[in-house]
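Work through the following exercises with the sequence and the model at hand. Each task is followed by a solution that goes step by step.

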Amino acid sequence: DYYNVAEFYLYDFKDDGTDSNNNEHNFGIITNGGTPKKAYNAIKEMNSRISGATYMGTLVPKTHRSSFPAVEDIHIYNVDGTPVALAWYADNDDTTKTRTYNFGKSVDVYDLYGNKVQSASSVELKDEPVYIYGLSKAEMYKAAKDMAADYASSAVTAAAALTGSAA
């Protein structure tokens, strides 16, 4: 995917103990007694929505992000021919900040746990990711094309730096 993450690992599947004051007892995605926590449900939802999908790119290519930071994290996946976006807005200095992105048409938005939260053309992005359905295949393929162009540009720049020539 965009961040070149091939896989991820859980530190603990199950809490090591029951002492809420002991951090080492609370890293699991299920409790010591086996009850699923929110993280378990979010990972389960992610696996059901994008497991096996092909990462296609971002809705707006890297080269346009500095002028349009609201869409910095709208990542598109091809799930059996259907575009699915995973989107959020993050500001490390202020996690209460949000950005609104207008998709230009009505899209369906689902939270991390699979609950439909809205159908609208303008979506407020927060620090908690949402799944977005309703994008066109053309948008998905444009994301892939833009990502390929970004990688090609980066490769030319890197090659120029290695050889000492201008890109």
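Two residues are taken to be in contact when heavy atoms of theirs lie within 4.5 Å. The model is a predicted one, in which local features need pLDDT of at least 70 and side-chain atom pairs count only at pLDDT 80 or more, whereas totals for chains, interfaces and linings use all residues. Residues are numbered from 1 along each chain as its sequence is written, and side-chain values use heavy atoms, with hydrogens and water left out.

**Exercise 1.** Determine where Asn78 is found, whether Asn78 is buried or exposed, and with which residues Asn78 is in contact beyond its neighbours within four places in sequence.

Solution. Begin with the secondary structure, where helices (H or I, at least four residues) and strands (E, at least two) are DSSP runs numbered from the N terminus; Asn78 belongs to strand E2, which covers residues 73-79. Next, take the accessibility, for which buried means under 20% relative accessible area, exposed over 50%, and partly exposed in between, with a 1.4 Å probe and protein chains only. Asn78 counts as buried because its relative accessible area is 18%. Then list the contacts: leaving aside neighbours within four places in sequence, Asn78 is in contact with Ala53, Thr54, Met56 and Met140. Finally, the side chain of Asn78 reaches the backbone nitrogen of Gly81 at 2.7 Å.

**Exercise 2.** Identify which residues have the most contacts inside the largest nonpolar core, and state which element supplies the largest share of this core.

Solution. A nonpolar core is a set of buried Ala, Val, Leu, Ile, Met, Phe, Trp, Tyr and Cys residues joined through side-chain atoms within 4.5 Å. The largest such core has 18 residues, and those with the most contacts inside it are Ile74, Ile76, Phe103, Val107, Leu125 and Ile132. At least two residues of this core come from each of E2, strand E3 (82-88), strand E4 (99-110), strand E5 (116-125), strand E6 (130-133) and helix H2 (137-163). The largest share, four residues, is that of E4. For Phe103, not counting residues up to four places away in sequence, the residues touched are Leu59, Ile74, Ser121, Val123, Ile132 and Leu135. Apart from this core lies another, of ten residues, among them Leu86, Trp88, Tyr110 and Met147.

**Exercise 3.** Work out how many salt bridges the rule gives, and describe the pairs formed by Asp15, Arg49 and Lys105.

Solution. A salt bridge is a side-chain nitrogen of Lys or Arg within 4 Å of a carboxyl oxygen of Asp or Glu, and by this rule the count comes to five. In the pair of Asp15 and Lys37, the closest N and O atoms are 2.9 Å apart. Both residues lie in the segment before H1, so the pair ties together parts that are 22 residues apart in sequence. Asp15 is buried at 6% relative accessibility, whereas Lys37 is partly exposed at 22%.

Turn next to Arg49 and Glu45, whose closest N and O atoms are 2.6 Å apart. Being four residues apart in helix H1, Arg49 and Glu45 are separated by about one helical turn, and both are buried.

Lastly, Lys105 forms a salt bridge with Glu139, with the closest N and O atoms 2.7 Å apart. This pair links distant parts of the chain, since Lys105 is in strand E4 and Glu139 in helix H2, 34 residues apart. Lys105 is partly exposed at 28% relative accessibility, and Glu139 is partly exposed at 22%.

Technical notes. A polar contact is a pair of N or O atoms within 3.5 Å; within protein, one must be able to donate a hydrogen and the other to accept it, and residues adjacent in sequence count only if both atoms are side-chain atoms.
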